[in-house]
Amino acid sequence: MLNLGSKLPANIDNQLNTSLAWSRDGQRQHVLEGNINYAGATITWLKDNLQLITSPSETEALTLADSLQDETYLILAFSGLGAPYWLPNIQAAFVGMSRSSGKAERVKAALDSLSYQITDILDEFTHQYGQLDDFIISSMLMVG
(Lines give C-alpha, C1' and ligand atoms only; values in the text may rest on other atoms or scores of the structure.)
Protein backbone atom coordinates (compact mmCIF):
# COMPACT_ATOMS: atom_id res chain seq x y z
CA MET A 1 0.00 0.00 0.00
CA LEU A 2 1.15 3.50 -0.79
CA ASN A 3 -0.27 6.39 1.21
CA LEU A 4 -1.58 9.01 -1.25
CA GLY A 5 -2.81 11.51 1.30
CA SER A 6 -6.08 13.38 0.98
CA LYS A 7 -6.35 13.72 -2.80
CA LEU A 8 -6.73 11.01 -5.36
CA PRO A 9 -4.40 11.55 -8.32
CA ALA A 10 -5.88 12.09 -11.76
CA ASN A 11 -3.30 9.90 -13.51
CA ILE A 12 -4.20 6.44 -12.19
CA ASP A 13 -3.76 3.97 -15.07
CA ASN A 14 -5.77 1.02 -13.70
CA GLN A 15 -2.64 -1.02 -12.93
CA LEU A 16 -3.20 -0.53 -9.21
CA ASN A 17 -6.25 0.00 -6.97
CA THR A 18 -7.17 2.96 -4.83
CA SER A 19 -8.87 2.62 -1.46
CA LEU A 20 -10.02 4.81 1.36
CA ALA A 21 -7.47 4.27 4.13
CA TRP A 22 -9.24 6.20 6.88
CA SER A 23 -11.25 9.29 7.61
CA ARG A 24 -10.50 11.49 10.58
CA ASP A 25 -12.19 14.77 11.43
CA GLY A 26 -13.79 14.78 7.99
CA GLN A 27 -10.43 14.44 6.24
CA ARG A 28 -10.08 11.36 4.05
CA GLN A 29 -6.79 9.61 3.39
CA HIS A 30 -6.37 7.35 0.37
CA VAL A 31 -3.95 4.57 -0.50
CA LEU A 32 -2.81 3.02 -3.71
CA GLU A 33 -2.54 -0.73 -3.46
CA GLY A 34 -1.31 -3.60 -5.54
CA ASN A 35 -3.17 -6.81 -4.93
CA ILE A 36 -1.38 -10.15 -5.21
CA ASN A 37 -3.92 -12.93 -5.54
CA TYR A 38 -3.36 -15.87 -3.18
CA ALA A 39 -0.20 -14.38 -1.63
CA GLY A 40 -0.61 -15.51 1.96
CA ALA A 41 -2.22 -18.79 1.01
CA THR A 42 0.87 -19.82 -0.94
CA ILE A 43 2.54 -21.06 2.24
CA THR A 44 -0.64 -22.94 3.19
CA TRP A 45 -0.63 -24.51 -0.29
CA LEU A 46 2.98 -25.65 0.14
CA LYS A 47 2.01 -27.21 3.48
CA ASP A 48 -1.47 -28.63 2.94
CA ASN A 49 -1.64 -29.41 -0.76
CA LEU A 50 1.93 -30.19 -1.82
CA GLN A 51 3.02 -31.37 1.66
CA LEU A 52 6.49 -29.94 1.05
CA ILE A 53 6.56 -28.43 4.55
CA THR A 54 4.85 -29.19 7.84
CA SER A 55 5.26 -25.64 9.18
CA PRO A 56 5.84 -22.20 7.64
CA SER A 57 9.03 -21.93 9.74
CA GLU A 58 10.65 -24.62 7.56
CA THR A 59 10.67 -22.40 4.48
CA GLU A 60 13.79 -20.44 5.46
CA ALA A 61 16.04 -23.49 5.83
CA LEU A 62 14.72 -25.02 2.60
CA THR A 63 15.25 -21.80 0.71
CA LEU A 64 18.84 -21.63 1.91
CA ALA A 65 19.39 -25.30 0.95
CA ASP A 66 18.29 -25.01 -2.68
CA SER A 67 20.66 -25.55 -5.59
CA LEU A 68 21.98 -22.19 -6.76
CA GLN A 69 22.03 -23.49 -10.33
CA ASP A 70 18.35 -24.42 -10.30
CA GLU A 71 16.08 -22.24 -12.45
CA THR A 72 12.67 -23.30 -11.14
CA TYR A 73 10.08 -20.52 -11.10
CA LEU A 74 6.51 -20.52 -9.90
CA ILE A 75 3.98 -18.45 -11.77
CA LEU A 76 1.81 -17.62 -8.78
CA ALA A 77 -1.55 -17.38 -10.48
CA PHE A 78 -3.99 -19.72 -8.75
CA SER A 79 -6.76 -17.21 -9.37
CA GLY A 80 -5.07 -15.28 -12.18
CA LEU A 81 -2.45 -12.56 -11.86
CA GLY A 82 -3.37 -9.48 -9.86
CA ALA A 83 -1.66 -6.10 -9.92
CA PRO A 84 -0.18 -4.70 -12.01
CA TYR A 85 -1.11 -7.20 -14.75
CA TRP A 86 -4.76 -8.11 -14.09
CA LEU A 87 -4.75 -11.31 -16.12
CA PRO A 88 -7.57 -13.40 -14.65
CA ASN A 89 -7.14 -16.33 -17.06
CA ILE A 90 -3.45 -17.02 -16.42
CA GLN A 91 -2.87 -20.26 -14.56
CA ALA A 92 -0.25 -21.20 -11.99
CA ALA A 93 2.71 -23.30 -13.10
CA PHE A 94 6.16 -24.37 -12.08
CA VAL A 95 8.49 -23.68 -15.02
CA GLY A 96 12.19 -24.23 -15.60
CA MET A 97 12.30 -27.41 -13.52
CA SER A 98 15.00 -29.97 -14.15
CA ARG A 99 15.56 -33.50 -12.94
CA SER A 100 17.38 -32.10 -9.90
CA SER A 101 14.58 -29.71 -8.89
CA GLY A 102 13.39 -30.96 -5.53
CA LYS A 103 11.51 -29.81 -2.48
CA ALA A 104 13.91 -26.97 -1.61
CA GLU A 105 13.82 -25.60 -5.14
CA ARG A 106 10.03 -25.62 -5.32
CA VAL A 107 9.68 -23.94 -1.91
CA LYS A 108 12.22 -21.28 -2.93
CA ALA A 109 10.40 -20.75 -6.24
CA ALA A 110 7.15 -20.17 -4.33
CA LEU A 111 8.72 -17.61 -1.99
CA ASP A 112 10.57 -15.94 -4.86
CA SER A 113 7.30 -15.60 -6.78
CA LEU A 114 5.93 -13.44 -3.98
CA SER A 115 9.05 -11.27 -4.03
CA TYR A 116 8.86 -10.86 -7.80
CA GLN A 117 5.23 -9.75 -7.65
CA ILE A 118 5.93 -7.30 -4.82
CA THR A 119 8.80 -5.89 -6.89
CA ASP A 120 6.50 -5.48 -9.90
CA ILE A 121 4.04 -3.53 -7.75
CA LEU A 122 6.78 -1.32 -6.27
CA ASP A 123 8.04 -0.68 -9.82
CA GLU A 124 4.52 0.41 -10.78
CA PHE A 125 4.37 2.72 -7.74
CA THR A 126 7.68 4.25 -8.88
CA HIS A 127 6.47 4.50 -12.47
CA GLN A 128 3.38 6.42 -11.41
CA TYR A 129 4.84 8.54 -8.60
CA GLY A 130 8.61 8.69 -9.00
CA GLN A 131 10.86 8.05 -6.04
CA LEU A 132 9.09 6.46 -3.10
CA ASP A 133 11.35 7.89 -0.40
CA ASP A 134 8.65 10.32 0.72
CA PHE A 135 5.92 7.72 1.04
CA ILE A 136 5.06 5.11 3.60
CA ILE A 137 4.94 1.66 2.04
CA SER A 138 3.55 -1.41 3.68
CA SER A 139 3.25 -4.86 2.30
CA MET A 140 0.40 -6.96 3.60
CA LEU A 141 0.00 -10.65 2.95
CA MET A 142 -3.55 -11.73 3.53
CA VAL A 143 -3.58 -15.31 4.76
CA GLY A 144 -6.35 -17.13 2.93
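**Briefing: sheet, helices and salt bridges**

Lys108 forms a salt bridge with Asp112, with 2.7 Å between the closest N and O atoms. The model is predicted, and two salt bridges are found in the structure. An open sheet of three strands, in the order E1-E3-E2, is paired antiparallel. Helix H3 lies across E1 and E3, and H3 is also among the elements that cover the buried residues of helix H1.

**Salt bridges**

- Lys108 and Asp112 are both part of helix H3, where they sit four residues apart, about one turn of the helix.
- Lys108 is partly exposed, its relative accessible area being 22%.
- The other pair consists of Lys47 and Asp48, whose side chains meet at 2.8 Å, N to O.
- Lys47 is partly exposed at 32% relative accessible area, and Asp48 is partly exposed at 42%.
- Side chains of opposite charge can pair when their charged atoms come close.

**The sheet**

- The three strands form an open sheet in the order E1-E3-E2.
- Strand E1 (2–5) and strand E2 (17–24) are at the edges with a single partner strand each, so one side of each has no neighbour in the sheet.
- On average, and ignoring direction, neighbouring strands of this sheet are turned by 30 degrees against each other.
- E1 and strand E3 (residues 27–33) run antiparallel and are joined by three bridges.
- In this pairing, Leu2 stands opposite Leu32 of E3, and Gly5 stands opposite His30 of E3.
- Seven bridges link E2 and E3, again in the antiparallel sense.
- Asn17 has Glu33 of E3 opposite it.
- The hairpin of E2 and E3 has two residues between the strands, and Asp25 in this hairpin takes a positive phi near 55 degrees.

- Five of the seven residues of E3 are buried, so the strand is largely enclosed by the rest of the structure.
- H3 lies across both E1 and E3, and runs at about 125 degrees to E3.

**Helix H1**

- H1 spans residues 41–49, and its buried residues are Ala41, Thr42, Ile43, Trp45 and Leu46.
- The cover over these buried residues includes helix H2 (59–65), strand E4 (73–75), strand E5 (93–95) and helix H3 (103–129).

How values were computed
Residues numbered from 1 in each chain as written. Predicted model: local features only at pLDDT ≥ 70, side-chain atom pairs only at ≥ 80, totals over all residues. Heavy atoms only, no water. Buried < 20%, exposed > 50% of the residue type's maximum accessible area, 1.4 Å probe, protein only. Contact = heavy atoms within 4.5 Å. Pairing = 2+ DSSP bridges. Axes fitted to C-alpha atoms, helices over the stretch in contact; angles between N-to-C directions. Salt bridge = Lys/Arg side-chain N within 4 Å of Asp/Glu carboxyl O.
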